[in-house]
Amino acid sequence: MNRHLISAGDLSLDDALLILDTADELASTAARPMKKLPTLRGRTVVNLFYEDSTRTRISFEAAAKRLSADVINFSAKGSSVAKGESLKDTALTLEAMGADAVVIRHSASGAPHRLAGWVRGSVVNAGDGAHEHPTQALLDAFTMRRRLGRIEELRVTIVGDVLHSRVARSNVLLLSTLGADVTLVAPPTLLPVAVGSWPCSVGYDLDAALPKADVVMMLRVQQERMNAAYFPSVREYSRRYGLDAARMALLPDHGIVMHPGPMNRGVEIAAEVADSARSTIVEQVANGVSVRMAVLYLLLGGAWETGEQR
Amino acid sequence: MTGTWLITGARPLGGEPADVLIRDGVIAEIGPGLDAPGAPEAPGAPGTTGAEGAADATAQRLDASGLILLPGLVDLHTHLREPGREDAETVATGTAAAALGGYTAVHAMANTDPVADTAGVVEQIWRLGRQAGRCDVQPVGAVTVGLDGAHLAELGAMADSAARVRLFSDDGRCVHDAVLMRRALEYVRAFGGVIAQHAQEPRLTEGAQVNEGEISARLGLTGWPAVAEEAIVARDCLLAAHVGSALHICHVSTAGSVEIIRWAKSKGWQVTAEVTPHHLLLTEERATGYDPVFKVNPPLRTAEDVAALRAGLADGTIDCVATDHAPHPLEDKETEWQAAAFGMTGLETALRVVHQAMVEPGLLDWAGVADRMSSRPAAIGRLGGHGRLAAGEPANLVLYDPGPREAVDPTVHASKSRNTPFRGLMLPGRVIATFLRGRPTVLDGKLAW
Amino acid sequence: MHAADRTDAPRRNGPPQGAPAAAASPRGAPPRDAQPRDAQSRGAPRRAEAPARAVLEPVEIRRALTRVAHEILERTNGGGDVILLGIPTRGVPLARRLAERLEQVEGRPVPAGSLDVTMYRDDLRLRPARALGHTEVPAEGIDNKIVVLVDDVLYSGRTVRAALDALGDLGRPRAVQLAVLVDRGHRELPIRADYVGKNLPTSQRELVRVLLTEIDGQDAVLLGATPDAAGREGS
């Protein structure tokens with residue numbers, strides 16, 4: 001495993017399983033009255049969030065604090081960043097503050113790559129543009145494994161705006177590493193031109209895909225896409241690609257419904273589906289903390305060079 | 001006033017060794033076994049080698065054994081950034097870089113600040129070039145006012161100005177309005193002008209960052225599809241044919257564009273085209289580390305495109321190499337990809353890259369290099385006095401050592417900017433000397449003053 | 001990540017990869033009592049690949065565990081409030097075996113589980129991050145119980161120190177005791193075992209290896225000269 005977690009594609013099968021197994025163990029600490037572990041005491045984790053995302057940030061913050069790390073939150077609004085400070089200068093400031101890990105969310109694809117060149121600590125990608133969101137994919141895989149007992153040969157269907165989705169990219173990479181069978185379903189306008197080279201199948205017909213889906217993952221669709229002619233109207237999108245109760249009934253009995261959030265209830269997912277027993281949306285949140293604890297532990301809990309004392 | 005120079009043992013266009021006598025800014029003679037004035041050998045006589053120059057003590061000598069001699073290179077596409085972005089480059093630093101690259105003339109693109117869309121601005125740039133004196137600067141005039149793509153600029157005034165503009169381009173932006181492009185093509189016929197198009201359909205490339213394909217899909221960056229270039233190239237070739245005018249395509253980057261241009265030429269239409277050194281060598285794979293030094297417009301493309309561009313340059317479908325030298329200060333490149341500026345420097349590395357990409361694989365010989373990097377660009381730019389290596393011609397020439405192989409080190413470049421994608425890459429060759437009308441601008445690989 | 005660290009975790013990796021070649025059978029092992037162990041271990045030069053020798057045979061291990069089980073029952077007044085927690089990896093099957101013996105004698109099941117201490121270790125930053133072992137605390141919890149920690153080898157005492165910290169975060173036992181199969185000396189902290197299967201004085205250049213059927217396919221305690229590539233640190 002690399003000292004940074006920037007792309008799900010950087011994880012080998014062993015790395016991915018290690019993270020999931022570690023998360024399994026750490027999940028049980030959430031049930032204890034004493035939820036804290038002393039492992040990352042003295043380490044500093046910086047949350048560098050250029051995009052608003054309370055949920056993800058809080059998840060990382062909880063994960064770090066449960067490992068007794070110190071957490072510093074840098075949000076773009078009202079900081080030097082808002083005054084136009086460059087990413088590089090922010091990185092140098094964090095470096096001077098002694099950040100052991102920087103969790104970064106940024107609207108530009110590749111921002112974590114650049115950051116990794118400027119800081120000595122570990123960089124964790126919490127979502128960069130349309131590129132990747134590896135901890136989301138890890139918590140999704142963790143959720144699938146907990147609910148269905150395995151990932152290998154699981155049939156996972158991801159539905160929605162794949163073209164602009166970092167969650168989709170990370171999931172396709174991680175799930176194929178873990179041996180799942182991934183299918184993407186979307187209107188052709190929302191699939192990248194080169195999707196044929198990805199390790200997954202592609203389809204345009206959601207009804208045909210659902211009976212063969214152990215997991216269906218709905219992606220958020222932004223209404224602004226309609227203005228750029230990706231689809232004619234929200235109504236048509238919802239009709240052809242929305243998961244309503246009727247479609248949910250097409251799933252096999254054990255089939256589960258996932259969504260990375262935040263949801264557009266009524267657009268890509270009906271309210272009753274989101275609230276049904278098949279939905280894992282709420283447990284995905286708890287699993288997020290366990291998975292992020294595992295990632296932080298594996299990146300910061302040991303030494304990167306034998307004998308190095310940091 | 002320039003002195004007399006005797007260059008010995010050079011290999012003109014890579015051929016057999018010969019001497020070159022330069023006098024009063026002009027090539028007096030090229031041939032084997034020349035002396036200084038007094039007793040020149042009859043041309044064609046079997047050489048008695050190295051008869052020492054008897055009379056002229058002022059003749060300076062340059063031992064050019066083993067060096068390739070080419071006519072001074074001519075760049076049809078350079079960004080000198082002055083006026084407006086002197087933090088990135090000035091006419092002085094840009095022409096110094098050009099001279100070090102073996103160039104004796106560069107066409108300075110119009111996307112300055114203010115835009116070069118009036119006689120006043122183009123004359124200012126022209127004068128700055130003459131003052132710096134290291135390389136002829138031929139300003140390019142904008143096609144539209146302020147590059148707005150809507151109103152024709154005063155092309156005639158620019159043509160009549162001291163700068164004598166003949167090449168017009170909105171480079172940086174595409175003249176995407178078909179009617180406006182037609183009018184521009186028609187208008188310049190009056191004075192033998194050429195419209196040089198930056199082919200990029202804007203609606204298909206909104207927010208585009210890299211070539212549209214596997215890499216863009218993987219990196220999560222908005223793609224710049226090849227069709228956005230090819231559609232404009234095809235349209236403009238047809239327009240140029242329809243109105244009987246001369247069209248030049250800037251920085252061709254796709255295999256499809258090459259095919260369209262080949263077809264247009266086969267019909268006898270007046271279409272010329274250029275390719276950059278970086279598009280002859282680098283592919284979109286370079287973007288995978290998100291280092292914006294590889295961010296350029298049009299973007300780096302696939303290996304198939306590179307192969308087609310090389311073949312097109314070899315067979316003459318693409319007429320010339322043009323650097324599209326685009327200097328940017330560090331803060332515009334040391335950022336996340338989508339915030340970074342587009343562009344790469346190129347003047348100081350161009351000849352070496354062409355050597356690597358075209359000469360080493362045997363696609364082009366040195367005579368071909370001279371043609372593509374000097375003669376044809378001079379012809380397209382209607383630039384008299386450049387592009388020819390013969391007795392009687394102005395002594396604009398470059399001596400190039402094809403032997404060494406060194407890593408590119410931008411810290412020693414004369415350009416103010418360091419954004420070269422070839423940083424650290426091993427490239428062959430080194431420019432040893434450049435002469436501008438008989439006066440050396442570069443000697444022993446360094447600026448002569 | 002170091003896959004080597006993962007081979008200790010018993011789950012998900014298929015058949016255990018534990019048994020190192022050198023321990024397949026204790027070749028050339030001297031007859032049991034033929035040589036005083038002290039003389040052999042103290043500073044005698046050893047070839048780098050000297051095979052490990054068995055210092056406890058399977059039957060001796062069985063007897064030791066039986067004796068320890070009886071000692072636990074004696075000292076805890078019948079074991080009524082006892083919970084056994086084995087420290088992964090090999091402490092866990094040992095805890096289970098002890099629980100079986102306690103149940104056989106008392107006719108009443110004794111809860112046994114596991115307590116992974118990786119997150120509480122004081123030497124984490126010396127090596128790349130380790131895979132975690134499994135923690136399973138019996139449903140009745142540890143509050144007010146007598147927790148008997150079980151491990152295979154007691155060495156520096158740091159693992160037990162970490163286990164005490166871990167226990168502290170899980171609840172408040174009435175008492176904590178320690179049962180080990182082998183005590184090899186060289187304590188670095190004021191920790192001692194309440195129940196010891198075998199006292200084994202060793203030099204710090206020696207490696208003690210415990211093999212258990214549940215993990216390694218056989219029972220043995222081996223003493224070797226140098227740690228091999230997958231060498232374990234002691235407790």
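The C-alpha centres of domain 1 of chain A and domain 2 of chain A lie 25 Å apart. This is a predicted model, in which local features need pLDDT of at least 70 and side-chain atom pairs count only at pLDDT 80 or more, while totals for chains, interfaces and linings use all residues. Residues are numbered from 1 along each chain as its sequence is written, and chains are lettered from A and ligands numbered from 1 in the order in which they are written.

Domain 1 of chain A comprises 8-132 + 286-300, and domain 2 comprises 134-283; these bounds come from an automatic or database domain assignment. To their contact, domain 1 of chain A contributes 24 residues and domain 2 of chain A contributes 20 residues (two residues are in contact if their C-beta atoms, placed from the backbone, lie within 7 Å). On the side of domain 1 of chain A that touches domain 2 of chain A, two or more residues come from each of α1 (13-27), β4 (122-128) and α12 (281-300) of chain A. Helices (H or I, at least four residues) and strands (E, at least two) are DSSP runs, numbered from the N terminus. α12(A) gives the most to this side, with 6 residues.

Turning to the sheet, 5 strands of chain A form an open, parallel sheet in the order β7-β6-β5-β8-β9, where two strands pair if DSSP finds at least two bridges between them. Its edge strands are β7 (201-203) and β9 (256-258) of chain A, each pairing on one side only. Strand β6 (residues 181-185) of chain A is joined to β7(A) by 3 bridges, and L184(A) stands opposite V202(A) in β7(A).
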